Amino acid sequence: MPLTQRSSWLTEDLDTFRDLARSFCQKELAPHQERWAQAKQVDRELWNKAGEVGLLCLSVPEEYGGGGGTFAHEAVLLEEQAKAGDDAWGNAVHSGIVAHYLLACGTEDQKRRYLPRLASGELVGAIAMTEPGTGSDLQNVRSKAIRDGDHYVLNGAKTFITNGAQANLVVVVAKTDPAEKAQGVSLLLLETEGAEGFRRGRVLDKVGLKGQDTAELFFDDVRIPAENLLGGTEGLGFVHLMQQLPQERLIIAVSAVAAMESAVEMTVAYTKERTAFGREIFKFQNTKFTLAEAATEVAVSKAYLDQCIERHLRGELDVTGAAMAKWWTTDRLSRVADECLQLFGGYGYMTEYPISRAWTAARVQRIFGGTNEIMKEIISRSL
Ligand SMILES: Cc1cc2nc3c(=O)[nH]c(=O)nc-3n(C[C@H](O)[C@H](O)[C@H](O)COP(=O)(O)OP(=O)(O)OC[C@H]3O[C@@H](n4cnc5c(N)ncnc54)[C@H](O)[C@@H]3O)c2cc1C
């Protein structure tokens with residue numbers, strides 16, 4: 001029996017789309033996790049394959065080369081990625097975040113130049129906000145992009161950037177007016193191909209998400225054409241970030257609930273197979289109560305998530321609601337993944353068991369996309 005009810009926002013069209021998403025994730029993602037973890041990145045061709053079957057930029061209008069769908073399509077793909085046990089492919093950043101900065105904030109020329117190439121997989125997108133010295137406190141980024149004729153000259157360093165090794169279109173958060181705080185922030189579109197002064201650092205070693213290329217990026221007098229200032233007006237970067245962060249946080253929440261559901265399902269199956277003291281592990285009261293609590297956490301989290309998705313589809317999800325979804329679901333996921341791993345005993349600690357990867361992947365979700373402490377700061381402002 002499924003742990004949760006069918007989401008209210010699902011439609012027959014989305015069911016058909018789910019079949020495509022599922023077969024792609026099972027065929028193109030699931031079998032390669034171990035190899036990608038070793039390589040610390042997915043195969044570059046994965047992006048082109050996904051582009052060919054129409055799985056990139058699902059919620060970008062067709063006139064810009066996208067799938068012409070809605071956030072619901074992105075959510076279905078995220079759910080299927082989680083079900084396939086994928087923690088490597090950074091499509092959520094590429095399609096759900098980078099493409100949406102362009103769509104919502106870009107000039108018509110920027111949309112036409114970049115969205116079709118993101119949708120085909122020719123370009124891989126990344127967003128570079130975090131710096132070695134500045135994470136949560138985004139107003140204080142040190143990277144600078146100073147106007148010089150018809151270019152901006154970019155200097156600075158970024159770290160922890162998802163898709164950092166493969167990205168060839170990077171949305172860079174930098175100060176165009178270093179004397180200002182939030183009002184001095186702008187977003188610039190950097191095409192990395194042939195960009196002099198641009199350098200990638202190492203792909204970072206992480207506790208989890210091992211197949212994802214999280215990397216450092218360095219900018220040393222990189223010249224970016226002035227027409228690549230996102231939206232064409234300086235000083236709007238912070239406004240753009242505030243507009244887009246609710247979707248980024250909702251994406252994390254969708255993945256978190258799907259991962260939680262998978263963790264419970266795999267633990268129910270395992271504890272019904274494994275025996276100790278002459279009975280199924282599942283039959284111990286501790287196991288039943290732990291899984292009953294976990295199943296409840298999934299169902300309650302999903303109900304709020306579905307409400308947020310509906311609000312987002314109507315264009316009504318606010319910063320507070322998204323922050324609530326992000327901290328709550330990722331906090332529950334961490335707890336549920338940890339309790340489930342415990343029920344696997346020593347096997348739960350072995351990387352070949354998917355529950356171990358679910359557990360390490362869960363931990364970071366309380367950190368990225370704005371830490372859960374920052375989510376509570378945001379929520380408290382509305383009280
Ligand atoms: C796997 C991974 C992928 C990532 N991908 C990207 C990416 O693609 N692009 C990108 O730009 N960044 C990315 N990040 C960076 C991530 O967004 C930051 O790590 C995160 O925002 C926190 O910043 P920080 O690490 O500098 O921590 P800090 O800001 O130094 O925070 C340290 C601690 O202090 C707490 N803290 C800070 N300020 C407050 C406050 N006001 N009140 C209470 N507590 C506070 C934090 O909650 C945290 O617990 C990624 C990180 C990881 C680990």
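This is a short tour of a predicted model, stop by stop.

**Before you start**

Residues are numbered from 1 along each chain as its sequence is written. Because the model is predicted, local features need pLDDT of at least 70 and side-chain atom pairs count only at pLDDT 80 or more, while totals for chains, interfaces and linings use all residues.

**Stop 1**

Now colour by secondary structure. Helices (H or I, at least four residues) and strands (E, at least two) are DSSP runs, numbered from the N terminus.

Next, colour the shell by class. Nonpolar means Ala, Val, Leu, Ile, Met, Phe, Trp, Tyr, Cys and Pro; charged means Asp, Glu, Lys and Arg; the others, Gly among them, are polar.

**Stop 2: two helices**

Select helix 7 (residues 237-273) and helix 9 (residues 319-343). Their axes come within 8 Å and cross at roughly 20°. That makes helix 7 roughly parallel to helix 9. Axes are lines fitted to C-alpha atoms, for helices over the stretch in contact, and angles run from 0 to 180 degrees between N-to-C directions. Under 35 degrees counts as roughly parallel, over 145 as roughly antiparallel, 65 to 115 as roughly perpendicular and the rest as oblique. The contact of helix 7 with helix 9 has 21 nonpolar, four polar and three charged residues.

**Stop 3**

Select F277, in the loop between strand 8 (275-276) and strand 9 (279-280). Is F277 buried or exposed? F277 counts as exposed, because it has 7 C-beta neighbours inside 10 Å. The cut-offs are 20 or more other C-beta atoms within 10 Å for buried, 12 or fewer for exposed, and partly exposed in between, with C-beta atoms placed from the backbone.

Move to N163, in the loop between strand 3 and strand 4 (169-175). Its phi is near 65°, a positive value in a residue other than glycine. N163 counts as buried, with 27 C-beta neighbours inside 10 Å.

Finish at L209, between strand 6 (198-203) and strand 7 (215-225). L209 is not a glycine, yet has a positive phi of about 45°. L209 is buried, with 21 other C-beta atoms within 10 Å.
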